[in-house]
Amino acid sequence: MPVSRRTLAAAAVCVVLPLSGCGSGDGGGSTDASGKIEGDITFQTWNLRANFKDYFEGVIAGFEKKYPGTDVKWIDQPAEGYADKISADAAGGTLPDVVNVSPDLVAPLAKAGLALDLDKAAGQYKKEYLEGAWASHQIPGMQGTYAFPWYLNTGPLFYNKSLFKEAGLDPEQPPKTYDEVFDAALKMADESDGKVATLANVPTIEDFGRYGVELMNKEGTAFTFNDAKGVELLTKYKELYDAKALDPQALTATSESSGKKFLTGAVAMNPGSALDLGNFKKQAPSLYKNIGITDQITSTGHVNMYVMGVMVNAQTKRTPAAVAFAHYVTDAEHQMSFAQQVAIFPSTAGSLDDPYFTKEDGTDETRVRVAAAKSLKTAVNYTPVLFSEQMKTELRNEVAKALQGKESPEEALDNAVEACDRLLQQQG
């Protein structure tokens with residue numbers, strides 16, 4: 001499964017009450033989760049029934065058996081428009097009891113008082129999860145944690161050993177930090193007369209985070225990625241772009257186009273997944289024989305992780321059942337069983353030490369899984385929870401101007417921060 005928010009979203013799950021019985025604005029629910037676990041809830045997934053019908057029916061049956069008096073009705077919906085649906089339900093007072101969210105989706109709900117603070121209502125479960133995963137649904141400027149961590153994803157970096165060797169670089173010692181990759185990229189571009197780029201994508205907010213840039217102030221009121229370190233990173237990328245060490249088409253690259261560049265040997269390094277290894281084996285046997293697998297580039301010692309969570313509606317009338325189900329779906333047993341069916345990783349403490357994530361068996365899928373699981377133990381969700389899709393677009397546009405020489409790196413990042421701060425204020 002490719003590593004992206006869209007990929008994660010495609011496997012997201014939420015639990016809802018019938019619209020007529022949820023969040024009607026008549027005073028809300030209780031933050032006390034210690035009462036009897038009972039009542040009807042509706043379990044709504046999005047685009048999952050086709051591939052995971054048996055798994056989720058088993059989870060539901062197990063929950064109902066464990067808690068007699070509960071009844072879970074499962075509804076599956078298409079993947080498109082999920083964020084819009086959550087917004088509409090929140091505005092209309094019909095928000096589900098338990099909602100699958102990514103950190104950026106939970107942020108406006110928490111600000112609106114619609115997400116239950118699990119530090120208060122379910123703090124006894126905190127120790128069951130990886131520290132970085134539990135922290136991923138905390139909101140700058142607010143006290144509390146607003147979703148149970150669910151599944152994680154990350155991806156190793158593939159590199160072409162033969163291209164490294166041709167450039168006079170050690171194919172068994174790939175770059176680990178940004179400084180190392182910048183040096184290697186310039187050398188590879190020079191040795192190949194600009195025909196081989198090392199990277200195929202412009203820097204994103206995650207790159208700034210992995211470079212060690214402070215992305216936002218602690219109060220959550222302003223972005224700060226235009227500091228000296230941020231300017232330094234973008235200046236380095238401009239140098240790569242001018243030397244063709246960054247692919248000339250990086251400004252318009254997609255994950256698919258970058259993958260094709262890597263497949264044909266025009267790019268030396270590219271993120272990916274076990275699915276990509278299978279494609280290499282079929283479509284580019286020579287590349288497959290020379291494939292190297294390493295961690296994401298990071299100068300902080302921590303790779304980036306994508307995370308999904310399960311949020312409890314603060315206005316639910318079924319707080320004990322809602323918290324119990326959210327915990328049940330995300331406990332170690334169920335996360336582990338889900339991870340064995342789809343290329344994701346559990347956020348529960350100790351789960352990544354299971355032989356499934358540590359023992360090689362000679363297959364490509366296992367090679368990637370073991371490499372990714374190892375890095376996830378100390379991974380960080382670098383994307384600020386308040387950083388919206390619009391903000392990503394603003395940053396990308398300004399980065400493009402800097403790389404093209406239309407603005408200096410400092411001007412571009414100042415403009416990006418100004419635009420993102422303005423959007424942040426509009427969020428309320």
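Buried means under 20% relative accessible area, exposed over 50%, and partly exposed in between, using a 1.4 Å probe and protein chains only. The model is predicted: local features need pLDDT of at least 70, side-chain atom pairs count only at pLDDT 80 or more, and totals for chains, interfaces and linings use all residues. Residues are numbered from 1 along each chain as its sequence is written, and side-chain values use heavy atoms, with hydrogens and water left out.

**View A. The salt bridge between D207 and R210.** A salt bridge is a side-chain nitrogen of Lys or Arg within 4 Å of a carboxyl oxygen of Asp or Glu. In this pair the closest N and O atoms are 3.0 Å apart. D207 is buried, at 9% relative accessible area, and R210 is buried too, at 12%. The two residues are separated by about one helical turn because they stand three residues apart in helix α9 (residues 205-211). Helices are DSSP runs of H or I with at least four residues, strands are runs of E with at least two, and both are numbered from the N terminus.

**View B. The salt bridge between E365 and R369.** Here the closest N and O atoms are 3.9 Å apart. E365 is partly exposed, at 48%, whereas R369 is buried, at 12%. Both belong to helix α17 (residues 364-376), four residues apart.

**View C. The salt bridge between E38 and K36.** The N to O distance is 3.7 Å. K36 is exposed, with a relative accessible area of 61%, while E38 is partly exposed, at 35%. A search of the whole structure finds 11 salt bridges.
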